[in-house]
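Here is a walk through a protein model for someone meeting it for the first time. Have a look at the picture, then read on.

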Number of protein chains: 2
Amino acid sequence: VPHPPIALSRQAARVSTSAIRDLLKLTSAGNVISLAGGLPALELLPGARIAQAAQGVLANPGALQYTETRGLPALIELIARREGVGAAQVVVTTGSQQALDLLARALLNPGDTVVVEAPAYPGALQVFQAAGARLAAVPLDGDGMDIGALEQLLAAGPTPALVHTVASFHNPQGVTMSAERRARLAELAERHGFLIVEDNPYGELWFDAPPPAPIPGERVIRLGSASKILAPALRTGWLTGPEPVCAAIERLKQAADLCGSALNHAIAAELLADEPWLAAHLAVLRTEYGARAKALTAALREEFDDALAVSDAAGGMFCWAQFRDGTDTSELLTAALEQGVAFVPGRAFGADGTDALDSSALDFSARMSFAHRDADTLREAAHRLRRAHSQAHTQL
Amino acid sequence: VPHPPIALSRQAARVSTSAIRDLLKLTSAGNVISLAGGLPALELLPGARIAQAAQGVLANPGALQYTETRGLPALIELIARREGVGAAQVVVTTGSQQALDLLARALLNPGDTVVVEAPAYPGALQVFQAAGARLAAVPLDGDGMDIGALEQLLAAGPTPALVHTVASFHNPQGVTMSAERRARLAELAERHGFLIVEDNPYGELWFDAPPPAPIPGERVIRLGSASKILAPALRTGWLTGPEPVCAAIERLKQAADLCGSALNHAIAAELLADEPWLAAHLAVLRTEYGARAKALTAALREEFDDALAVSDAAGGMFCWAQFRDGTDTSELLTAALEQGVAFVPGRAFGADGTDALDSSALDFSARMSFAHRDADTLREAAHRLRRAHSQAHTQL
């Protein structure tokens, strides 16, 4: 270690490591069945279609050059058309995670209030922590964010700069915000002057019916992603929002990484523009993920009976399970890893210091992804989890 | 525009747009010969080799999945070997621009002092502006950064957190820091406790002889990039540095974009590991860029004679030209665009409020890239520039 010692910034000190990414390292080796990550199924990634697109794209040397900071123009036009906005309202980002980071940098000063959901997507919590935001949390029920609780929070003040929501097939809780609540949220944004961040990586992954229309109004920044419907390695996400916000984000993205990959953008644009192929591919994902969701929830209910409340996943990649018998899921994880199964303990989805959040509910909860494994493996995972649960309770 | 209006952050207000990227938009259409961008030559990009690598890489579906935040392990190992450091001292980034941004986020608080070169790489200025740093500038001479001027600056205080240098084939001035100055800079870093950022995108692009060995010591963060030797669209850069810095940068990168593209990392790793191919490819780049540098400098000297001092480029992508006849290059650019040629006016390489910098020298200077065009086109560009110069002086 050099002397004098190296001092890290306040921002670096604020950001804690992602429990999920650390867990992924732990479970990537050996014979652990990991339900921890939000990873799409390898066998459902369209490798052949991407290889075919790559060959065509690489015939043009321009695909290897720098591209515009807002993204490859062909991809921007396509996204603008899909989202029903103008091209000046689109920025392509390195997954939707970079969209979150850039919008936080463009809009937040340290000390600003950001409303998150309870439980919340941990990657959003990390971004808002890095920005030095004060977090306030609003609980979810079966219809998504509890808008009444948000109204109470707004009445108590201060007015948040942003309200973040995964409105469709929530990560981690699986629920979807009703159309009526979406309209109420938009009205509150207009009245109080905050911006809504509608973080939507899972909207296309519905099983029986699509989610309600996006949150309406002018005060919405919407994040989309190709990671869950095409492939994570394309690192292609996007945001759409008010033009002044997009202009500020463009300047910050120049500083952050100059631009994305023209190669990856061109591949993503070709696949998203190939509508017959995309429709067939999405139909396969919906059917297969839907079957996996049913297999996992049924197996968990069979193994645990009344000891565990398991959500019905109607889309996305996750189910949310809450122990009714006082099992602390952070403690259970140790026994689970010994039995060869992993999940993410609920505590990873809570923000420190958000008093609106009943943190004890998180202690008894777990997020399990059904997307990455086939039905037989999911049933085996539920069985191993049951053994871990017995072992943990015997030791108590 | 929604009501109430949207408030941008202080960070967004601090970051100005990149003059170069704005100029690139202006010159991308039509018949302008642009010497403005730092773009590699399209016809020298190894498209066929990348297409071949892509096919092999895409046969493994794992290449389409998320990868580790620090980068694909195979690429990290390769970089660690090339740079002579441990794997825990490497982070792969979205070009070296992201490395700059992440290290600034990890190490700087608003108000901290950062020493930059005069002239400086504008992408570094943007990053340090975003971080809210106070900039101090040290001039360059033929042996790179003027270490005597740096010593005076250190004596006057405050101690900077970082000293940023493009030590080999400087952007924009083309000069290379001597071995003796590298050693003195390292001693100063040890004595005063600052960190050196050795930003090295061009080190491999030497024409007659390689640059001196990297800046020695424990207090160096070194940035490298595949953009100039393989292809920009792989968006593959890296940093090596002290382990605590890399650990903080990993946490911040989790928040910034989760991870880079496993696909692009795997392609870059295959090409960098293919030593015979890489050696032959670099030999072609060195020969061709060297010939282009000579063509541009000779043509500029022939067209302008004593009115223009043109640097001898010994590597990299840029030559630096200073008018001795009082021509303001920001004004010249208007006439140049009319004549169908573009360059970057010197003012783009200066930081506002850096009093150590003789800003009038920048007013008469221009950066011209010789890499992107063949020798005949470069001669035509010099000719058009001469016509623009005559036109501008006639109008005065």
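## Salt bridges and the pairing of two chains

R379(B) and D376(B) sit 3 residues apart in helix 14 (residues 375-395) of chain B, so about one helical turn separates them. Bear in mind that this is a predicted model. The two side chains form a salt bridge, with the closest N and O atoms 2.9 Å apart. How open to the outside are they? R379(B) counts as partly exposed, at 40% relative accessibility, while D376(B) counts as exposed, at 56%.

Elsewhere, salt bridges with shared partners join E43(A), E288(A) and R292(A) into one network. Searching the whole structure turns up 38 salt bridges over all chains.

Some of these pairs reach across the sequence. Take R181(A) and D141(A), whose side chains meet in a salt bridge at 2.8 Å, N to O. R181(A) belongs to helix 8 (residues 179-192) of chain A and D141(A) to strand 4 (residues 134-141) of chain A, so this pair ties together parts that are 40 residues apart in sequence. R181(A) is buried, with a relative accessible area of 12%, whereas D141(A) is partly exposed at 31%.

In chain B, E270(B) and R49(B) make another salt bridge. This one links distant parts of the chain, 221 residues apart: E270(B) is in helix 10 (residues 262-273) and R49(B) in helix 3 (residues 47-58). E270(B) counts as partly exposed, with 30% relative accessibility, and R49(B) is buried at 12%.

| Salt bridge | N to O distance |
|---|---|
| R379(B) and D376(B) | 2.9 Å |
| R181(A) and D141(A) | 2.8 Å |
| E270(B) and R49(B) | 3.3 Å |
| D101(B) and R105(A) | 2.8 Å |

Now for the place where the chains come together. How many residues of each chain take part? On each side the answer is 84: 84 residues of chain A are in contact with 84 residues of chain B. The size of an interface is often given as the accessible area lost when the parts come together. Between chain A and chain B, the buried area is about 6,900 Å², and carbon and sulfur atoms give 56% of it. On the chain A side, R21(A), L64(A) and Y66(A) lose the most area to chain B, together 11% of what that side buries.

What about charged and polar links across the interface? The count between chain A and chain B is 2 salt bridges, and D101(B) with R105(A) is a salt bridge between these chains. There are also 30 residue pairs in polar contact between chain A and chain B, both residues being at pLDDT 80 or more. Several helices of chain A each supply at least two residues to the side that touches chain B, among them helix 1 (10-14), helix 2 (19-27) and helix 5 (95-107). Which helix of chain A gives the most to that side? Helix 9 does, with 10 residues. Sorted by class, the side of chain A that touches chain B has 44 nonpolar, 25 polar and 15 charged residues.

How do the two copies relate? Two copies of a chain are related by a rotation about an axis and a shift along it. Here a rotation of 180 degrees, with 0.0 Å of shift along its axis, superposes chain A on chain B with an RMSD of 0.0 Å. That is the relation of a two-fold axis. Both copies use the same surface, as 100% of the contact residues of chain A recur in chain B.

Two residues of chain B are worth a visit, starting with L64(B). L64(B) lies in the loop between helix 3 and helix 4 of chain B and counts as buried, at 1% relative accessibility. Which residues does L64(B) contact, leaving aside neighbours within four places in sequence? They are L45(A), G47(A), I50(A), A231(A), P232(A), A233(A) and L58(B). By contrast, L64(B) and A335(B) are 48 Å apart in space, C-alpha to C-alpha, and 271 residues apart in sequence.

R70(B) is also found in the loop between helix 3 and helix 4 (73-83) of chain B. R70(B) is buried, with a relative accessible area of 14%. Its side chain joins that of E250(B) in a polar contact of 2.8 Å. Not counting residues up to four places away in sequence, R70(B) touches several residues, including I76(B), V91(B), C246(B) and E250(B).

Methods. Residues numbered from 1 in each chain as written. Chains lettered and ligands numbered in written order. Predicted model: local features only at pLDDT ≥ 70, side-chain atom pairs only at ≥ 80, totals over all residues. Heavy atoms only, no water. Contact = heavy atoms within 4.5 Å. Buried area = accessible area lost by both parts, 1.4 Å probe. Salt bridge = Lys/Arg side-chain N within 4 Å of Asp/Glu carboxyl O. Polar contact = N/O pair within 3.5 Å; in protein donor to acceptor, adjacent residues only side chain to side chain. Helix = DSSP H or I, 4+ residues; strand = E, 2+ residues; numbered from the N terminus. Nonpolar A, V, L, I, M, F, W, Y, C, P; charged D, E, K, R; others polar. Buried < 20%, exposed > 50% of the residue type's maximum accessible area, 1.4 Å probe, protein only. Least-squares fit on C-alpha atoms with pLDDT ≥ 70 in both.
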